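Subject: Structure for you to look at

Hi,

Here is the structure I promised. Please open it first, then read my notes below.

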Amino acid sequence: MIQIQAALFWAYAVGATFALAAARQLQVWERINAGEGPRTRSRAANPYLALTVLFAAVLLVPTGLFLLWQNPSWATMHVSGGHEGVWAGFVLFYAGGVPVAAILGFLGSQVLVLVGAGYWAYLNCVGGYFLLFGTLVHGWDGRGYERFLSPGARDWADWPQDSVVNNALDFLTSGTFLALVVFGAAVIGTMLMTEIGWLLEGWSLPGADEDREVRPVLAVAIAAAGVYGLPFLGAVTASVLVRLLGGWLGLPLFAVLAGFVLLPGRSPVRRLYALVGLPRRHWRAGLDPEPPGTGGVDGPGDGTTGGVDGPGDGTTGGTDGPGDGTRLTEGRSG
């Protein structure tokens, strides 16, 4: 439901944010399947990834194609004035690219979450939304917001003849804006409910209360500000710097400022991230440690921990029966 030039960035950011919201569940999922065969460890069996793909395919793609058909000028940021200017292959690329971008964003954050680099998974989300807002605010020619607020080709052509306020009011009373409101209620509403629901689900898992330092309502507000508000503010700041100093000076200066805000260990963004209580450990950190003195005595094993009177899988072993080697520690965070 967004302009095509920004659609892939949004899909990537949504996928990355979904994985971050389900960070604890993804770690538990990895532990549960740690000793299973390749069938259950298949990426397609991951319910959170499957729901992410479903969201992209059922909501993002159809609403975007509808707007492209209804108003091709706005949907292409006025690069094309009508249907005749839109290449059919480009439409196919859009329809297939949105789910792929969502998958890539999800898998990127999932990898970072599983190795305990949750903050970098958050930065993955920030990067996707920064590119989205940067495209809408500045674009490739500094007129991104003008292209967004021009509902039709004639409005885009007549933009310099009127003020920004009047052009914005024309957009707010257009059929394109009405379509965005209707689709936004479904798409953005579902997106936010999914992310909040997965956060709450993760906080109900063992050890989550120890990591979350504020109440859930405040934690959700902090998470929203960090994922959506911070990238939007960054896009506006980058656009202003480019307008004032030019691209060769503005973008490097913005990169330095962003690094100063995001990367230091005691940066305010890191401190706010820590309040939300997302996991900061490798997914294996919650497994039971190996008991001392284990080894093969009277039962078969693989030579690692073995079994005593029953078979083991070579990880935690078995005493009187089989073990799967992936028991969770109830009092530890993921």
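For helix packing, the axes are lines fitted to C-alpha atoms over the stretch in contact, and angles run from 0 to 180 degrees between N-to-C directions. Please keep in mind that this is a predicted model.

Overall picture

The protein chain has 14 helices and zero strands. Of its 334 residues, 46% count as buried. The chain exposes about 16500 Å², and carbon and sulfur atoms supply 67% of that area. Take the contacts between residues at least 6 apart in sequence: 68% of them join residues at least 24 apart.

H1 and H2

Helix H1 covers residues 4-21 and helix H2 covers residues 23-32. They pack at an angle of about 70°, with their axes 4 Å apart. Angles of 65 to 115 degrees count as roughly perpendicular, so H1 is roughly perpendicular to H2. H1 brings Ala19, Leu20 and Ala21 to the contact, while H2 brings Ala23, Gln25 and Leu26. By class, that contact has five nonpolar residues, one polar and no charged ones.

Glycine 118

This residue lies in helix H6, residues 118-137. Is glycine 118 buried or exposed? Its relative accessibility is 4%. The cut-off for buried is under 20%, so glycine 118 counts as buried. Leaving out residues up to four places away in sequence, glycine 118 touches Leu20, Leu112, Tyr273 and Pro279. Leu20 also belongs to the H1 side of the contact with H2. The C-alpha atoms of glycine 118 and alanine 274 are separated by 9.9 Å, although the two residues are 156 apart along the chain.

Best wishes

Note on methods: Residues numbered from 1 in each chain as written. Predicted model: local features only at pLDDT ≥ 70, side-chain atom pairs only at ≥ 80, totals over all residues. Heavy atoms only, no water. Helix = DSSP H or I, 4+ residues; strand = E, 2+ residues; numbered from the N terminus. Buried < 20%, exposed > 50% of the residue type's maximum accessible area, 1.4 Å probe, protein only. Contact = heavy atoms within 4.5 Å. Areas by Shrake-Rupley, 256 points an atom, 1.4 Å probe, with all protein chains shown as cover. Parallel < 35°, antiparallel > 145°, perpendicular 65-115°, else oblique. Nonpolar A, V, L, I, M, F, W, Y, C, P; charged D, E, K, R; others polar.
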